[in-house]
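This report goes through one protein model. Please keep the sequence and the 3D view at hand while reading.

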Amino acid sequence: MTTTTYDFEMAPGNDWEFDYAIKRKNALTRILEGATGLTGLQGWFSLTDAGPAISGTATSLGEASPTLAPGRYFGVLDRTPQTAALTPSIGQVLYEVIDDGANVLSSRPFLVVAARRPN
């Protein structure tokens with residue numbers, strides 16, 4: 001029996017903010033720094049690691065602020081499509097995926113729970 005660990009819990013019925021800090025190595029200094037200027041980033045929920053979007057869960061991600069938060073990208077998924085997509089999956093581990101089709105593909109697992117829990 002395989003057990004999938006998860007990074008966080010998510011409950012249907014709430015807006016969701018995809019929030020990622022994307023870094024890359026500076027070619028001159030070899031130091032990791034915020035990756036600015038990325039375009040075409042999409043975020044979605046998937047049944048599989050780095051898999052395709054569950055219907056209605058894809059949204060665009062934009063750069064938060066290149067000067068205040070270099071490399072930080074976010075996008076909001078409204079409650080209605082998120083609730084429809086996640087309610088049938090309560091108790092399952094799904095994946096939050098971001099991809100730009102060229103340079104970035106990242107995925108992190110989350111557990112779908114019936115209700116939000118305080119932090």
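## The model and its open sheet

The structure is a predicted model. Five of its strands form an open sheet, in the order S1-S10-S9-S5-S6, and the pairing is mixed. Strand S1 (8-10) and strand S6 (59-60) are at the edges, and each has a single partner strand, so one side of each lacks a neighbour in the sheet.

## A hairpin

Strands S7 (residues 62-65) and S8 (residues 69-77) run antiparallel, with three bridges joining them. The two strands form a hairpin, and three residues lie between them.

## Aromatic rings

A search of the whole structure gives four aromatic pairs. One of them is Phe8 with Trp16, a stacked pair with 5.3 Å from centre to centre and 10 degrees between the planes. Phe8 also forms a stacked pair with Phe110, at 5.4 Å centre to centre and 15 degrees between the planes. This second pair links distant parts of the chain: Phe8 is in strand S1 and Phe110 is in strand S10 (residues 105-112), 102 residues apart. Ring pairs join Phe8, Trp16, Phe18, Phe45 and Phe110 into a cluster.

Is Phe8 buried or exposed? Phe8 counts as buried because its relative accessibility is 17%, and the cut-off for buried is under 20%. Phe110 is buried too, since its relative accessible area is 0%. Trp16 is likewise buried.

Helix H1 (residues 79-86) contains Gln82. Gln82 counts as buried because its relative accessibility is 0%.

Which residues does Gln82 touch, not counting those up to four places away in sequence? They are Met10, Ala11, Pro12, Gly13, Asn14, Asp15, Trp16, Phe45 and Leu77. Among these contacts of Gln82 are Trp16 and Phe45, which are also members of the ring cluster described above.

Definitions and conventions:
Residues numbered from 1 in each chain as written. Predicted model: local features only at pLDDT ≥ 70, side-chain atom pairs only at ≥ 80, totals over all residues. Heavy atoms only, no water. Pairing = 2+ DSSP bridges. Helix = DSSP H or I, 4+ residues; strand = E, 2+ residues; numbered from the N terminus. Buried < 20%, exposed > 50% of the residue type's maximum accessible area, 1.4 Å probe, protein only. Contact = heavy atoms within 4.5 Å. Phe/Tyr/Trp six-rings, centres within 6.5 Å; stacked < 30°, edge-to-face > 60°.
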